[in-house]
Structure formats: C-alpha cells, structure tokens
Amino acid sequence: MHRVKKVAACVLAASLAFLGTGLVAKAEGGSVLQSGGVGLLLNNGSKIENITVTVVEEGTGLTEKSILEWIKTDNLVPVSQEPTEEDLFRKLVIAQVTNYVNVRSLPSEEGEIIGKLYNNSVGTFLSEENGWYQINSGDVTGYVKAEYCVTGEDAVEIAKHVGKRIATVTTQTLFIRQEPTTESAKLGMLPEAEELLVLEEIEGWVKVDFEEGTGWVSADYVSLHSEFVQAESREEEEKRLAKEEEERRKARAAAAAQAAQNAQSASNTTPIQDYTVGDGGEMGSAVAEYALQFVGNPYVYGGTSLTEGADCSGFVMSVYANFGVSLPHSSASDRTQGYGVDGLENAQPGDLICYSGHVALYIGNGQIVHASNSKTGIIVSSANYRSILAIRRIF
C-alpha cells in the first residue's frame with residue numbers, strides 16, 4: 001500500500017489563479033483538497049497517467065490537458081501530513097479533579113462504573129453527549145462527566161505540564177554532549193533502553209536531564225514520546241491491589257528469612273557517617289540501614305558491587321538482592337517495580353526514588369542514598385535535589 005502524500009499546487013501566474021475554480025482530481029483513489037487554490041491528494045509514487053482531472057465549472061479557461069501538463073512540472077509543494085503535538089493534545093480529555101472521576105458504561109450516573117480516570121490522567125476524545133465525554137483511555141472505553149474534565153484548546157497547555165516528554169535510548173551506548181554538536185565535550189554515557197526526561201528539542205538534538213546535570217543527545221539515537229497516566233479499569237485495579245499485596249507478602253517473607261544474617265553483618269560494619277533512618281515499615285527501614293553501610297564506596301558504570309563499585313540501578317538492585325528481592329539493572333525499569341507512592345510526603349525508607357536516568361533509595365527525613373556518579377560515588381543527598389519522576393514501594 002502506498003503511503004498517502006498531500007500536495008498543494010502553486011499558482012504559476014495571475015492568469016492561472018485557481019481560486020473559485022471548480023476542479024476534481026483523482027489519483028488511485030485520492031480526492032481533491034481545497035487549499036486557497038487547487039489541492040490534490042495523490043498517492044506517493046502515482047504515475048501521471050493514473051491521475052484524472054475533471055473541470056466541473058465552465059468558463060475558467062482550464063482544460064484537463066492543461067492541468068495535467070502543469071502537474072508534470074515542479075510546482076507541487078509537499079505539505080506535511082503528520083499531526084503536530086498540539087493537534088494530538090486537542091484530542092485529549094484530561095481529568096481535573098481532587099482524586100478521580102468515574103468512567104461509566106453510559107452517559108449517565110445510572111451507568112455502571114467501569115473504571116477511574118485519576119486527576120491529570122488522560123483519555124482520547126471520541127464524542128460528546130448530554131454533558132458527558134466518551135473516551136478511550138488504556139483498556140477503558142466509556143463516559144466521564146464533562147464538568148470534571150477539559151478537552152480541545154483547554155487541554156493543550158495542561159497536557160504540556162502533566163505529560164512527561166521522554167527520550168528512550170535506542171543504541172547500545174549513547175554519549176551525552178555539553179552542546180548540541182558531535183564536536184562538543186562528552187559529559188557521560190547512557191545505556192540502551194534508558195529513559196530520560198526531555199527539556200528541549202531542536203533540529204537533530206534533544207536536551208535531557210541526567211544525573212550529572214543536563215546535556216544533549218543526538219535525536220538519531222533516541223525515540224521520543226509524551227507519557228501520560230491513563231484510566232484504570234475495575235479489573236485492573238483489583239488485579240493491581242492483589243498483586244501489590246502478594247509482592248509485599250513475598251518481600252516480607254524473603255526479608256525476614258535474612259534478618260538475622262543482615263543484623264549480624266551490620267553489627268560488624270561501621271558506616272562512614274552516622275545517618276538517621278526515618279520512620280516507616282520494618283522491612284523498608286532495614287533496607288535503608290543496610291544501604292547506608294556502603295556510603296563512600298565507588299561508582300562504576302555498569303557495576304553491581306556494593307564494595308568495589310556500582311552504578312545507580314546496580315546499587316539499588318544489589319541492596320535489595322540482599323533481602324531476597326530481585327530488581328532489574330535498569331533505572332527505567334525500576335519505575336515499574338512494586339507499586340506507586342503519591343508524593344515525597346508519603347515516601348517511606350526503602351522506597352525507590354526514580355529520576356530522569358537515575359534511581360535512588362529513600363532513607364527518610366527527605367534524604368536518599370544512591371550511587372550518584374564517578375566523582376562522588378555512593379552518597380546521601382536531599383531527595384529533592386532533582387525532579388522526581390516516580391516513587392515505588394517494594395514492601
């Protein structure tokens with residue numbers, strides 16, 4: 001199947017001003033588009049013999065032959081058919097509520113509740129009926145009260161703030177540059193599948209947020225998308241809650257089995273500096289206390305050793321491995337582990353604090369312990385030292 005290509009015809013001279021001209025042009029199923037003159041919808045690669053032109057308004061001085069001869073020239077200007085980001089945002093329905101708005105099976109409060117659209121979560125607009133928007137969001141298709149949502153132009157600016165623009169690395173190792181040029185100094189390296197928060201986009205380059213600060217990566221080696229939270233169906237909510245409870249049960253059991261050994265190990269090791277672990281669950285606090293033993297040890301890109309050197313996700317992975325919990329060696333994947341925690345004010349020791357291209361362990365009192373970078377190694381920092389993308393709880 002040919003990819004459809006939209007073209008607009010340029011006016012050659014005043015004598016060929018096509019405004020008001022009645023014209024139909026077809027190319028392998030294409031049809032006319034009016035664009036302040038003659039507009040044609042042609043299939044990419046169409047041959048001139050496959051294009052038919054019909055003049056439907058007499059007295060214009062135009063003939064089918066003259067139009068076809070004109071099309072043969074270089075007077076067709078490609079017009080992008082790809083929708084802009086703002087075009088896509090106008091089709092969103094964004095919840096603006098304190099907690100969530102119910103998604104119902106019918107455009108009425110009598111309709112069955114089939115899901116929830118949480119605050120700042122989005123769906124795709126399908127139709128409007130009697131003060132209700134029909135939306136599709138995730139696995140949910142249903143109706144939400146329009147008074148609790150925005151769409152169209154009102155959704156554009158909100159979408160820019162509630163959505164996260166994410167760059168995903170598509171090559172094995174990607175260099176971060178100080179400036180948007182291959183001649184600029186290298187600030188660091190990123191592994192394949194790493195996800196980073198996008199700060200700016202220019203021709204051929206993307207500015208991203210990473211552990212050492214900000215830098216530029218080539219647009220040729222990342223894929224870009226805007227990430228929004230979508231609706232949760234009743235079935236998904238039930239499965240999520242059951243899965244979270246089962247994961248907590250397994251994690252507690254694994255941690256309890258190692259508690260005696262960890263306590264003995266901790267008693268024989270003196271931390272470089274005495275840090276206070278905040279209040280929280282017993283298992284999460286044990287994770288935080290164990291992790292603090294390794295403050296001062298080195299950062300090693302790709303490493304997983306708590307003593308010889310680890311990177312950010314390797315550090316988190318190895319700390320939790322000591323409690324019988326398996327986590328991926330990827331800060332991007334860590335954003336999907338366990339279950340979500342809403343806001344730093346609700347975080348507890350042992351929670352994963354996820355940043356753009358980085359992950360850390362929360363120890364309480366607004367602080368984290370993490371394998372920061374090659375200059376600092378494993379350190380304790382304020383949890384708010386960078387913008388937080390997600391907080392995940394394992395226990």
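1. The model under discussion is a predicted one.

2. Cysteine 354 has alanine 390 of S28 opposite it. In general, strands of a sheet pair through backbone hydrogen bonds, either parallel or antiparallel.

3. Aromatic contacts deserve a separate point. The structure holds six aromatic pairs. One of them joins phenylalanine 125 and tyrosine 133, whose ring centres are 5.7 Å apart; the planes stand at 70°, so this pair is edge-to-face. Is tyrosine 133 buried or exposed? With a relative accessibility of 11%, tyrosine 133 counts as buried, whereas phenylalanine 125, at 30%, is partly exposed.

4. Another pair is formed by tyrosine 290 and phenylalanine 323: the centres are 5.7 Å apart and the planes lie at 85°, so the geometry is again edge-to-face. This pair links distant parts of the chain, since tyrosine 290 is in helix H5 and phenylalanine 323 is in the loop between H6 and helix H7 (331-334), 33 residues apart. Both tyrosine 290 and phenylalanine 323 are buried. Ring pairs also bring in Phe294, which forms a cluster with Tyr290 and Phe323.

5. Rings also meet charges. The charged end of lysine 116 sits over the ring of tyrosine 100, 4.4 Å from the ring centre. Lysine 186 lies over the face of phenylalanine 175, at 4.0 Å from the centre of that ring.

6. Which residues cover the two faces of strand S6 (residues 92-95)? Leu92 and Ile94 lie on one side, Val93 and Ala95 on the other, and all are buried. S6 pairs in the antiparallel sense with strand S9 (residues 122-129) over three bridges, and valine 93 has glycine 123 of S9 as its bridge partner. S6 also pairs with strand S12 (residues 149-151), again antiparallel and over three bridges. There, alanine 95 stands opposite cysteine 149.

7. Isoleucine 158 is found in helix H3 (residues 153-162). Leaving aside residues up to four places away in sequence, isoleucine 158 touches Ile94, Gln96 and Val150. Isoleucine 158 and glutamine 96 are 62 residues apart in sequence, yet their C-alpha atoms are 9.6 Å apart in space.

8. A final point concerns confidence. The protein averages a pLDDT of 78, and 72% of the residues score at least 70. Over residues 74-80 the pLDDT stays under 50, and the model gives this stretch 18 contacts beyond four places in sequence. Residues 268-273 also have a pLDDT below 50, with four contacts in the model beyond near neighbours in sequence. Where pLDDT is low, the predicted coordinates should not be read in detail.

Terms used: Residues are numbered from 1 along each chain as its sequence is written. This is a predicted model: local features need pLDDT of at least 70, side-chain atom pairs count only at pLDDT 80 or more; totals for chains, interfaces and linings use all residues. Side-chain values use heavy atoms; hydrogens and water are left out. Helices (H or I, at least four residues) and strands (E, at least two) are DSSP runs, numbered from the N terminus. Contact means heavy atoms within 4.5 Å. Two strands pair if DSSP finds at least two bridges between them. pLDDT is the predictor's confidence in each residue, from 0 to 100. Rings of Phe, Tyr and Trp (its six-membered ring) pair if their centres lie within 6.5 Å; planes under 30 degrees apart count as stacked, over 60 as edge-to-face and the rest as tilted. Buried means under 20% relative accessible area, exposed over 50%, partly exposed in between (1.4 Å probe, protein chains only). A charge sits over a ring if NZ of Lys or CZ of Arg is within 6 Å of the ring centre and within 35 degrees of the ring normal.
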